[in-house]
Amino acid sequence: MISKTFWQDLSKLLSTMFVSSLKLLRIAHNLTQKQVANLLGIPVYMYQRYEYSKAVMPDEYLKILSRRYGVLIDTLTSDNYDGLLYIS
């Protein structure tokens with residue numbers, strides 16, 4: 001379980017840099033890019049494009065990740081980290 005304090009501290013750190021919600025959630029769930037790509041059934045390079053905001057992730061993949069991470073789709077596509085504070 002990830003504590004609320006962890007997310008608050010991380011949110012402060014992120015105020016000085018940009019990290020995608022996809023990357024934060026992947027790391028919080030101890031997954032590699034390869035593991036997430038396998039979950040979605042896509043090549044790693046394609047997942048990396050989504051994580052680095054070089055391509056738009058299809059709704060089908062967003063639904064899969066939303067269920068896997070236990071968050072709303074809006075949380076996956078947002079640069080606002082407030083929605084990540086209560087992930088457990």
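Before we start, one term: a residue is buried if its relative accessible area is under 20%, exposed if over 50% and partly exposed in between, using a 1.4 Å probe and protein chains only. What you have open is a predicted model, in which local features need pLDDT of at least 70 and side-chain atom pairs count only at pLDDT 80 or more, while totals for chains, interfaces and linings use all residues. Residues are numbered from 1 along each chain as its sequence is written, and side-chain values use heavy atoms, with hydrogens and water left out.

**The whole chain**

Start by colouring by secondary structure. There are six helices and zero strands, so named by DSSP: helices are runs of H or I of at least four residues, strands are runs of E of at least two, and both are numbered from the N terminus. Read from the N terminus, the order is α-α-α-α-α-α. Of the 88 residues, 40% count as buried. Contact on this tour means heavy atoms within 4.5 Å. Among contacts between residues at least 6 apart in sequence, 54% join residues at least 24 apart.

**Stop 1**

Select residues 21-28, which are helix 2. Six of its eight residues are buried, so helix 2 is largely enclosed by the rest of the structure. To see them, show the side chains of S21, L22, L24, L25, R26 and A28. A28 counts as buried because its relative accessibility is 17%. Now draw a C-alpha to C-alpha distance from A28 to Y69: the two are 41 residues apart in sequence and 9.2 Å apart in space.

Next, click on N30, in the loop between helix 2 and helix 3. Is N30 buried or exposed? With 69% relative accessibility, N30 counts as exposed. Check its backbone too: phi is near 55 degrees, a positive value in a residue other than glycine. Most residues other than glycine have a negative phi.

**Stop 2: helix 2 against helix 4**

Helix 2 and helix 4 pack at an angle of about 120 degrees, with axes 8 Å apart. Axes here are lines fitted to C-alpha atoms, for helices over the stretch in contact, and angles run from 0 to 180 degrees between N-to-C directions. The two helices are therefore oblique to each other; angles under 35 degrees count as roughly parallel, over 145 as roughly antiparallel, 65 to 115 as roughly perpendicular and the rest as oblique. Show L22, K23 and R26 of helix 2 with Y47, Y50 and E51 of helix 4, the residues that make the contact.

**Stop 3: helix 3 and its two partners**

Now select residues 33-40, helix 3. Against helix 4, the packing angle is about 105 degrees and the axes are 9 Å apart, so helix 3 and helix 4 are roughly perpendicular. On the helix 3 side, pick Q33, K34, V36, A37 and L40; they meet V44, Y47, Q48 and E51 of helix 4.

Then bring in helix 5, residues 59-69, which packs on helix 3 at about 120 degrees with the axes 10 Å apart. That makes helix 3 oblique to helix 5. Here V36, L39 and L40 from helix 3 meet Y61, I64, L65, R68 and Y69 from helix 5.

**Stop 4**

Centre on L40, which sits in helix 3 and is buried, with a relative accessible area of 7%. Leaving aside residues up to four places away in sequence, L40 touches Y47, M57, Y61, I64 and L65.

Which residues have the most contacts inside the largest nonpolar core? They are L40, Y47, M57, L65, Y69 and L76, in a core of 16 residues. Such a core is a set of buried Ala, Val, Leu, Ile, Met, Phe, Trp, Tyr and Cys residues joined through side-chain atoms within 4.5 Å.

Finish on Y69. Again not counting residues up to four places away in sequence, Y69 touches L25, R26, H29, L31, V36 and L76.
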